[in-house]
Structure formats: structure tokens, C-alpha cells
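This note sets out a few points to follow while viewing the structure. Please read them in order.

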Amino acid sequence: MFSLPNTFGRICDAASNFVPVDTIPPPLTLKQPGDWTPYHSRLEFETVEFLYKKVQMSAGDINKLMHLWGLGLARHGDAPPFADHWDLYSTINETPIGDVTWQSFSMKYGVDADPASDLTPWMDATYTTWFCNLHTIIRNMLGNPDFKNEMDYAPYCEWKGQGKSATRQWRNVMSGDWAWDQADEIAKDPATHSSIFVPVILESDKTTVSVATGQNDYYPLYALIGNIHNNVHCAHCNAVAVIGFLAIPKTTKKHSDDPLMFMTLCFRKFKKQLFHSSLSRILSSLKPAMSVPEVVQFRDGHFRHVVYGLGPYIADYPEQLVLGCVVQNWCAKCFAYPDNLDSGEGGLHSREVVDTLCDEVDSGVLWEEWGVISDVVPFTNDFPRTDIHQLLAPDILHQVIKGAFKDHLVAWVKKYLEKEHGKTRTKAILDDIDHR
């Protein structure tokens, strides 16, 4: 295995000045030993942890316990750690935590609504997106002690075997060619040289929750960083964070039945652009440090220069079309025609090629002959060194397991059973399979 030179991830001080590799790291916290703020002592902290977290004692029982505890200490002129459950709860609420608060922003269709106009409901509605500060979340991940020995500071290549028989191995994000190429780009700029490249991986998947919720739709957005090893991501360990819930515009059946398709096309365009604009807004906190390095303290105590970048976006096929601004049934990665996807002709999508086509070719021709939706701007256009066409990554769960197995193989088996045994007998057989 070999990696890029160790100039990547050089340690520095809090003022951004590089220091020798044998420099002793500063303390991770400014708190003095024995400082349990907002608790007055370790006893108070452990009492809260035991009663509230482990035992999950009720408020009434907490009051009873504190009363009995106080009776026992009264003879010594002392008092229990808390007066009652309200005192305990208020102390918990004052505890500084690393969690990031939720925020929201709202968007709507760009038309001033006239009360007398005949706007469709979706045009007049306000769509709210909830999100967390991604910049803070990632800094927390970089400083998480659980990841101290499960993190890569530079891209690398891993090989199995010796000499000409050696074969390349891919395991973590930083072992791939894309991470290597991104680090090369960063190293070209003297201002970002010696910085750690932190790729931010995104995933979103619209989810319908029907049990006891009245068929509610949720659109969660997840984030993780490519420096952390895959085994940690699979084990969760706070390595994957929910960073937002995207808005889901809906129209009515009355307004979806548009003979001329004009309003339907307007709605589809708005829905896609709202998606991209929301992503751009959520990710905007990272943008300054994508070009100018910032100093971050890692869990080993050392400070290092960090440059962020948008990494792979994991999505199933329908969402890849929205992300890449591609027409339904066309390939999300290349210009091959829908009826001849295996031809190998047409070339791959890229930001440069698509932008040139949008400047030179009529939007109708782009739709029909190139499979490109030209009137939607991808969110990646707002960020440096980012090309959505390179970043699209398949959602293995949906495209392999659900798509290949459930939607095709299971459906084929069901049709075969119905032909051989009839629908009634087939249902019994499938129930038996599910039971096993």
C-alpha cells in the first residue's frame, strides 16, 4: 500500500502555523480536571446519568428518592444532589452538548400570488425544509474519539500480492481514484497544499411511513465523510448523520389532468429545482472551506488544515435522474439512447459537456435527442471542483436487491407459480415462503 506524501495532513497550531511532527498536542478541552459544569460534582453527574439515562426513573420516583435522601443527610446539615425532578431536569437542559440544533428555511414558486388569480395550490404553497448545520456536524465527526484509529488523512492505493501479479484493492473511499484526483487538484494551489481533503458523501431517499401515521412521506438527507472507514459507517457509531428533511411538493388530481401539459411541466420543473435549491442551501455552510482551508482540531489533539469537497451522492435510478437533470428512461451517466443502452456510444455526461450543450442546443432538441433537462440548474454548479455526473453512485439496496431481486426475480417466480398452480394456490405458496 502506498499513499500520497505525508505533506497532506501536516499538523499545525490553532493559528494555522505548521509545527514539527513531534509537537505535543494541546488538550482537547479547556476545562480543568474536576470541572463538571453545570453539575457541582461528579456525584451529581453520575446521579443524573443513572436516574435519567440508565434507570429512566419517573418524575414521582425521583421526588421520592430525593426526599428520602434529604432526610438521611439532614442530620449532617447536608442536602441531596437535587431538590426534586424539576431541579434535575433543568440541570440536564443546561448541559452543553455536541448535538446541532435544527433550523429551517422556506421556499415557494416564484410568482406573486394574486387573490383573484386562478393559481394552482402548489404555486401558492410555502415549502419548508428542515436541516442541521452540516459544517458543525462534520467538525464533530472529525473530532469524535470513536474514529481516531479508523480515519484516513490522505488518499492511498492498496495492492495485494507482489510485482506484476499484484492486484489493486478498493475498500474505503480514500482508496479510490476519485479521492486521489481531488487531492491532486487541491495540491496544485499553494493556499490549499498540505490540507486534508474531506469528501462529504450524501444520500437521500424518499420514504413513506404508513403505520399509525396516515401515509406520511418523509424525504431524509444523510451525510457522512469519506475519511472514515467503511466498517465504521456500517456499524453507524454516529458516522452517518441525518442532516435534513427535504420538502415534498404535491399537486391535486384536478390540476394534474392538464390537457396541454403546460401546468404539469411547470410543476415538474419546480419540484426538481426546489430539490436542487434546497440541497445548495443546506450545503452552503461548507462552501467557504472548499477553497480556503480551515483549521480543525482532530481527536488526537492536533490541529490540521482541512479542505471540504462534495463526494459521491448515493441514489436510486429515479433520484439519479433528478440529480443529473436527465429525462426519464435515459441513462443517468451517458448519452446512449434509451432503446440501445449497451451500444457504448454517446460518451459520458460531464458538467463541461452538458453546459456546452445547454448554451448551443435548443431545449426541445436536448430533451428529445440528448435526454438532458436544460431548464433545471444542478446544485453542484454552486460549488468548486464538483460535477454531479461524476458523483452519482448507485444505491445498492434499491438497485441490486430491490430492483434485480424483488422487482424482477420475485415477480418472475410469482408469474410462473400463477401459471402452474393458479392464483389461489400461488398465494398459499408465497405465504409459506415468507413464513420460512
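1. The second largest pocket is lined by 20 residues; Glu203, Leu224, Ile314, Asp395 and Ile396 lie nearest its centre. A pocket is an open set of points on a 1 Å grid over the protein atoms alone, where a 1.4 Å probe fits, with protein on both sides within 12 Å along at least five of seven lines; lining residues have an atom within 4 Å of a point.

2. The model is predicted: local features need pLDDT of at least 70 and side-chain atom pairs pLDDT 80 or more, while totals for chains, interfaces and linings use all residues. Residues are numbered from 1 along each chain, and side-chain values use heavy atoms, leaving out hydrogens and water.

3. Elements that each supply at least two residues of this pocket's lining include β7 (196-204), β13 (303-315) and α15 (396-435). Helices (H or I, at least four residues) and strands (E, at least two) are DSSP runs, numbered from the N terminus.

4. Leaving aside neighbours within four places in sequence, threonine 129 is in contact (heavy atoms within 4.5 Å) with residues including Gln103, Phe245 and Ser278. The C-alpha atoms of threonine 129 and phenylalanine 275 are separated by 9.9 Å, although the two are 146 residues apart along the chain.
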